[in-house]
Amino acid sequence: MDFDFITKTFVRLLAALPLTLSVWFLSVVLGGLIAAGVTWMRVSGVKPFEFFARAYVMVFRGTPLLIQLFVVYYGLASLPALRASFIWPFLRDAFNCAVLSLALCTAGYQAEIFRGALLAVPHGQVEAARACGMSRLLMFRRIIFPIAMRHALPAYSTEMISMVKSTALVSLITLWDVMSIALKIRNDTLVTYLPLILAGAIYFVVNYIIGAGFLALERRLSPHLRPRPS
Amino acid sequence: MASKFMTALGLGAALAAGLPFAPTAFAKDWKTVVIGMEGAYEPWNLTDSSGKIVGFEPDLAMDLCKRAGLECKIIAQDWDGMIPGLKAGKFDVIMDGMSITDERKKEIDFSKPYAASPGSFLAPKDSPLAKATAAGTLVNLDKDAAGGDAAIKGVQAALKGKTLGVQVSTTHANFASQYLKDVATVKEYKTTDDRDLDLKSGRIDASLDDLPTNMATASKPDASEFAVVGPKLIGGVFGTGEGMGIRKDDADLTAKFDKALTEAIADGTVKKISEQWFKIDMTPQ
Amino acid sequence: MGDLAIFGFGQGGWGLALLQGAAMTLLVSACGLVIGSAIGGLVAWARLSGKLLAGGVGQAYAALFRGLPELLIVYFVYFGTSTLLTETAHALGHEGFVGVPSFAAGALAVGVISGAYQAEVFRAAYLAISRGELEAAVSVGMNRALLFRRIIAPQVLRFALPGLGNLWQVALKDSSLISVTGLTELMRISQVGAGSTHRPFAFYLGGAALYLVMTIATTRFFDVAEARATRGMRRAMG
């Protein structure tokens, strides 16, 4: 066991963790905002909005994220009109493109999660709220949103973890996150498994923390599902 | 909670620990040899539309195997599965434009190099590199220490504050990280095609890669403002060239290929095949 | 060759290769999803059982295979089982490397990963069933089998379908990782074509288009299934 190599590799991988986490965090937050908009369009009842929302989800869930990254970073840059425009300074930077592309992708998945969560709200509760004279906003805030959020939590936690692992694709656009550095060390030294195992351990810990956090949140928000004290 | 985590980690670690130590004992009297290539790395090796693997390396491999009296089978494997495939015995040789480096020699053996070419810069024709020290000439970093120093300093000055693109895990990437990391921004790309796209869109100011690759890019119609500029560098951190990767246990196989390669270089076969695919002679000097 | 001609079916055209890759992707993903459902159902059942050991194992499985990068899991499934098979073959006198068929390894890897996520979907779907219904069924005297067949299973299916639809899309994308087993699915063909012809845009956009077509076609299936399963269900929104 070459402890020197293990330590050096582990340190190099940890040094890339801030990049992984920052791309992840920014993209899921931005993605959440976009998804909220898309979901709102989907349930708005306005036909063109609904069509756009469905098409958006279809395209961003239906194509591989790798290709989406490629199009956002390389594809847009190959258009002379775009290079001359005011968004070029933003799109020139690989980090910005990574966050944008990952956000667009997760928004597709998050929109579907939100939609499923809204569907799970029992109609009886909405009827009762209307009968009480609640305004639409109040009904959303006090009835629909809490129930929907509780239902969405397991799937949302899944998507959060999935996004952490999706950040591994950003090496396509010259950003070297934890997994990419592990693969690079592997290519440089031809050591077959060790860099991957160390990277796997790091991802496992990060994902475990995220999963545990969501589980705790779920428990807090559903006291009525816990077994009654005897 | 903690105990479940520990159990899972322990299981995973046990599984992981067992794997690399799985003994691999394979046939020692070589009759058939399986060679792994990507089939996506034109012109080293590529796949034609019918699925057949063609290119410089398949042609050379067939020739070497004939000389060594071996029956060779070429299979396609994507790069990520190449190294574990070799170690597990799925194939016996990796022949995929892999540069010989000291670091890699710790894990596997290499045949002697079957191709070598200078590192060169591709940049817009009006780049400062065009006027850098020793521009347009071939500088050997091993044999000409003073000239090499001057050329490197010239490149550092020309690229100060600029962005250079290289392909990850190549000797060019090693050169860039050794000499250019502090003066320029070095961006590493997974494939040369990706890097060429960024050169054209202006995200990077120059590419460092081997000469035939850069010449091929420069010759394309949409690359008219770009040219191979600056010094051409060989030796030193650029290593001795590309070689066949073979497991350390199979020293006899390495010897067979070395002998065949020596013959193929001597009678000009390597020159002929490389000129057919690369348009220049890639024989290692 | 012209940009569109490269996708043709004649000499030098990659159309057939791309379609074969797409077919492979569909097959592997479908088999993986089915394997994942079996595993996911088991793990969800273990976690909901309330028993400490079963719950613990279920939770560990879900945590492990959701938390590890998929690439690592594919490696261990493929090279792990292949090494096992090779060693067994050597013990029986066979020489050389024996690999697990790449399709089987690929489908198993996709299934192992998908199962961990499907367990979560099934668990949430079960928890969404109204307690009142379960209580009423028990008080009416339904036995466990009848309870499962008439109350639990239909409603789990109904609530799980959107989540499963999501996971089918995920499985389609995860299938692109199994190229390390040597299987030529759509993503691999796109990359091989792009690298062999130096035309990344053509092949990546072509591949994306094929993925989209597959998604649209299979989403129809899930939409129809969802419509049938939620017949008569009144919803608050959407």
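**Exercise 1. Polar contacts and salt bridges between chains C and A**

Determine how many residue pairs are in polar contact between chain C and chain A, and how many salt bridges the two chains share.

*Solution.* Step 1: a polar contact is a pair of N or O atoms within 3.5 Å; within protein, one must be able to donate a hydrogen and the other to accept it, and residues adjacent in sequence count only if both atoms are side-chain atoms.

Step 1: a salt bridge requires a side-chain nitrogen of Lys or Arg within 4 Å of a carboxyl oxygen of Asp or Glu. Three salt bridges are counted between chain C and chain A. One of them joins the side chains of C:R123 and A:E218, at 3.3 Å from N to O.

The model is predicted: local features need pLDDT of at least 70 and side-chain atom pairs count only at pLDDT 80 or more, while totals for chains, interfaces and linings use all residues. Residues are numbered from 1 along each chain as its sequence is written, chains are lettered from A and ligands numbered from 1 in the order in which they are written, and side-chain values use heavy atoms, with hydrogens and water left out.

**Exercise 2. The extent of the interface**

State how many residues of each chain are in contact, and what area chain C and chain A bury between them.

*Solution.* Step 1: with contact taken as heavy atoms within 4.5 Å, 48 residues of chain C touch 46 residues of chain A.

Step 1: buried area is the accessible area (1.4 Å probe) that two parts lose on being put together, summed over both. For chain C and chain A this is about 4,200 Å², of which 69% lies on carbon and sulfur atoms.

**Exercise 3. The cysteines**

*Solution.* Step 1: a disulfide is a pair of cysteine sulfur atoms within 2.5 Å. Over all chains, the count is one disulfide. The angle about the S-S bond is -75°, and the link of B:C65 and B:C72 is left-handed.

Step 2: buried means under 20% relative accessible area, exposed over 50%, and partly exposed in between (1.4 Å probe, protein chains only). Both B:C65 and B:C72 are buried. A:C97 is buried at 1% relative accessibility, and A:C105 is buried at 6%.
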